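The following note sets out comments on the model under review.

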Amino acid sequence: MSTVKFTEDHEWVLVEGDVATIGITNYAQEQLGDVVFVELPEVGREVAKGDEAAVVESVKAASEVYAPITGEIVEINGALDETPAKVNEDAQGAGWFVKMKLSDTSELEELMDEAAYNTFTAGLD
Amino acid sequence: MGTQTIEDLLKTPLHGLHMELGAKMVPFAGYDMPVQYKLGVLGEHLHTRAKAGLFDVSHMGQAVLVGPDHETTARALETLVAADLVSLERGAMRYTQLLNPQGGIIDDLMVTRPADAEDEGKLLLVVNAACKHGDYDYMNANLPKNVSLEVRDDLALLALQGPSAVDILANWCPEAADLVFMTGKPTFFDDIPCHVSRSGYTGEDGCEISVPAGKAEAMARTLLDHDEVEPIGLGARDSLRLEAGLCLYGHDIDETTTPVEAALTWSVGKRRREEGGFPGAGKILAQIADGAPRKRVGIRPEGKGPAREGTEIHDADGNVIGAVTSGGFGPTANAPVAMGYVAKDFAKVGTPLSLMVRGKPRAAEVATMPFIEKRYRK
């Protein structure tokens with residue numbers, strides 16, 4: 001059983017058991033434009049919700065990605081080092097950033113489901 | 001421009017076309033300008049280097065200095081810039097900077113002596129959009145009575161840049177093919193009167209076309225109908241000029257940087273070095289003779305992550321020796337590229353630098369500019 005949740009900072013969180021896969025949404029990659037570099041955290045790092053967890057660089061600008069939940073980084077998407085364009089091609093799939101082991105599953109309840117996120121982004125333009 | 005609302009923004013004559021092409025618009029120097037079109041910054045950058053890109057640069061300031069003869073007009077402008085303008089041949093274009101009394105750069109600009117004898121005594125100027133009103137005030141306050149400044153808000157400015165640009169333009173404007181780099185002439189694009197120069201801001205061959213505002217859209221549409229021409233926004237304009245090692249006013253040069261510090265000494269005329277007679281000449285000539293305390297250099301960060309404007313530059317011992325003034329990812333270089341100022345002892349190509357990116361040191365090296373091979377037609 002897996003669920004996808006979304007944040008107002010345009011991250012998606014796919015929860016499978018006590019591990020969450022995290023990336024930026026398709027809406028976010030469209031706004032950023034061509035991604036040329038992604039700086040990912042070290043495996044083993046403990047991050048608190050709201051900490052800077054990654055940085056996405058497009059041709060024009062750098063954007064911070066904040067941890068949507070608290071936990072430990074257990075895996076990073078090493079493929080982004082060679083092909084950061086995966087974030088543009090498949091933001092909500094092959095362009096994932098990190099996997100985290102959840103510390104507090106109750107944090108997930110504060111996140112939006114897909115329908116709520118779509119309503120949220122529709123109101124931004 | 002932070003306090004300006006969308007309604008206050010000025011529009012170029014191509015604004016409607018940008019909207020029709022699906023451009024993403026941003027405020028820039030008081031204008032509502034396209035930052036990118038459907039290809040995106042990366043695609044537009046690579047397309048310009050491969051074929052031809054069309055840029056709307058109508059926000060830039062176009063003006064004409066009018067005096068009784070070339071020497072009088074040239075000498076009048078020479079009181080404000082360090083280029084040798086008296087020696088300009090008819091149809092020749094020169095890059096220079098308006099200077100303040102401290103030798104700082106008020107703006108950088110292109111100056112063209114018209115090709116036609118009937119325009120004797122005129123100099124055509126193109127200045128930066130964000131600086132144009134200040135530039136005009138500065139010139140008006142300092143010009144002699146017999147030389148006047150005519151602002152040409154009735155003209156639009158297009159740039160067609162890239163290896164195919166001139167061949168494409170020549171379909172409607174055959175005289176463009178006869179121009180060499182940094183020359184220009186009045187001509188026609190079909191039946192549209194225009195002024196074409198072989199120049200640009202991308203490091204590629206290409207032309208800049210000054211055209212009556214009411215004819216600009218027709219010209220742009222004709223060019224865009226060509227298979228190899230794509231519209232290019234300000235995003236790629238910035239990454240293209242950065243790879244070409246060209247300064248962006250307000251970032252790489254400003255009122256606190258001299259032409260010598262900015263590595264623009266080549267633009268200070270030989271005769272002007274002997275005679276002086278431009279604002280800040282004492283300081284600038286002393287820096288040419290003895291060296292400047294800091295210098296603008298090219299910087300190649302190691303790895304893939306860009307170092308952006310404002311990044312501190314440290315030496316091996318952790319001392320602050322300068323800052324990045326422009327930095328990003330170079331799509332053609334396929335690597336991060338940057339430029340910035342470093343203390344004079346660190347300006348040599350190959351000098352190792354440390355860039356403080358988000359609080360962490362990143363290895364980098366002083367590099368030659370441009371970061372790509374320039375393809376001007378000399």
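1. In this predicted model, strand 14 (residues 294–301) of chain B pairs with strand 19 (residues 360–367) of chain B in the antiparallel sense, over four bridges. Within that pairing, Gly298(B) has Ala367(B) of strand 19 as its bridge partner.

2. Strand 19 of chain B is also joined to strand 18 (residues 352–357) of chain B, by six bridges and again in an antiparallel arrangement. Here the bridge partner of Val357(B) is Lys360(B). Strands 18 and 19 of chain B form a hairpin with two residues between them. Arg358(B) lies in that turn and has a positive phi of about 50°.

3. The domain assignment for chain B gives domain 1 as 6–58 + 154–243 and domain 2 as 293–378. The contact between these domains draws on 19 residues from domain 1 of chain B and 20 residues from domain 2 of chain B. The C-alpha centres of domain 1 and domain 2 of chain B are 29 Å apart.

4. The size of an interface is often given as the accessible area lost when the parts come together. For domain 1 and domain 2 of chain B, about 1600 Å² is buried between them, with 58% of it on carbon and sulfur atoms. On the domain 1 side, Phe181(B), Leu242(B) and Glu243(B) lose the most area to domain 2 of chain B; together they account for 44% of what that side buries.

5. Which polar interactions are counted between domain 1 and domain 2 of chain B? The count of salt bridges is zero, whereas six residue pairs are in polar contact, both residues of each pair being at pLDDT 80 or more. On the side of domain 1 of chain B that touches domain 2, the elements giving two or more residues are helix 2 (40–50) and helix 7 (234–243) of chain B. The residues of that side divide into eight nonpolar, four polar and seven charged.

6. Turning to chain A, an open sheet of six strands has the order 1-2-3-9-8-5, with antiparallel pairing. Strand 1 (2–6) and strand 5 (46–47) of chain A stand at the edges with a single partner strand each, so one side of each is left without a neighbour in the sheet.

7. Elsewhere in the chain A sheet order, strand 3 (residues 19–24) and strand 9 (residues 98–102) of chain A run antiparallel and are joined by four bridges. Ile22(A) has Val98(A), in strand 9 of chain A, as its bridge partner.

Methods. Residues numbered from 1 in each chain as written. Chains lettered and ligands numbered in written order. Predicted model: local features only at pLDDT ≥ 70, side-chain atom pairs only at ≥ 80, totals over all residues. Heavy atoms only, no water. Pairing = 2+ DSSP bridges. Domains from an automatic or database assignment. Contact = heavy atoms within 4.5 Å. Buried area = accessible area lost by both parts, 1.4 Å probe. Salt bridge = Lys/Arg side-chain N within 4 Å of Asp/Glu carboxyl O. Polar contact = N/O pair within 3.5 Å; in protein donor to acceptor, adjacent residues only side chain to side chain. Nonpolar A, V, L, I, M, F, W, Y, C, P; charged D, E, K, R; others polar.
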